[in-house]
Amino acid sequence: MEIEVEALLCAMSRVLINHPAKGCMLLREAGSGERLLEEGSGFVDGLLKVDGVGEMLFSREMMEWGRQEALWMRSKGVKLISLLSDEYPALLKECPYPPFLLYYRGSASFGSRILSIVGTRVAST
């Protein structure tokens, strides 16, 4: 996956942290992170039917944050699997609102094993 697409996906995870269903919808409707990148902020706002989210997502600051995040992840061996990837676990796709991104290190070959992840999207202190 090219760095700009990774940057956009990282930015999406930050902008839409409290709205995972919108992230799923964006990826499903666009068909790929590459298309979202090509189409830009107006396309995102049109899909979400909310003005301003696309502008925030594609802002210079957010895309730079996403690039830095993607570079940091690469340096640590962390990879992304988007909801649209063939590597994304099939059973997880069946959830009503699956996470639109999975971060992992090591092998993403789940095979017939089932993985459970317990956590929160917004941690409290």
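1. Basis. This is a predicted model, in which local features need pLDDT of at least 70, side-chain atom pairs count only at pLDDT 80 or more, and totals for chains, interfaces and linings use all residues. Residues are numbered from 1 along each chain as its sequence is written, and side-chain values use heavy atoms, with hydrogens and water left out.

2. Confidence. The protein chain has a mean pLDDT (the predictor's confidence in each residue, from 0 to 100) of 88. Of its residues, 87% reach 70 or more. Helices here are DSSP runs (H or I, at least four residues), numbered from the N terminus. Where pLDDT is low, predicted coordinates should not be read in detail.

3. α1 with α6. The axes lie 7 Å apart and the helices pack at about 110°. Axes are lines fitted to C-alpha atoms over the stretch in contact, and angles run from 0 to 180 degrees between N-to-C directions. The pair is therefore roughly perpendicular (65 to 115 degrees). Contact (heavy atoms within 4.5 Å) involves residues including Ile 3, Ala 7 and Ala 11 of α1 and Met 63, Trp 65 and Ala 70 of α6. By class, the contact has twelve nonpolar, one polar and six charged residues. Nonpolar means Ala, Val, Leu, Ile, Met, Phe, Trp, Tyr, Cys and Pro; charged means Asp, Glu, Lys and Arg; the others, Gly among them, are polar.

4. Salt bridge. The structure holds four salt bridges (a side-chain nitrogen of Lys or Arg within 4 Å of a carboxyl oxygen of Asp or Glu). One joins Arg 67 and Glu 4, at 2.8 Å, N to O. Arg 67 lies in α6 and Glu 4 in α1 (residues 3–15), so the pair ties together parts 63 residues apart in sequence.

5. α2 with α4. Helix α2 (residues 20–30) and helix α4 (residues 41–48) have axes that come within 10 Å and cross at roughly 115°. These helices are therefore roughly perpendicular too. Lys 22, Met 25, Leu 26, Glu 29 and Ala 30 of α2 meet Phe 43, Val 44, Leu 47 and Leu 48 of α4. Seven of these residues are nonpolar, none polar and two charged.

Definitions and conventions:
Helix = DSSP H or I, 4+ residues; strand = E, 2+ residues; numbered from the N terminus. Parallel < 35°, antiparallel > 145°, perpendicular 65-115°, else oblique.
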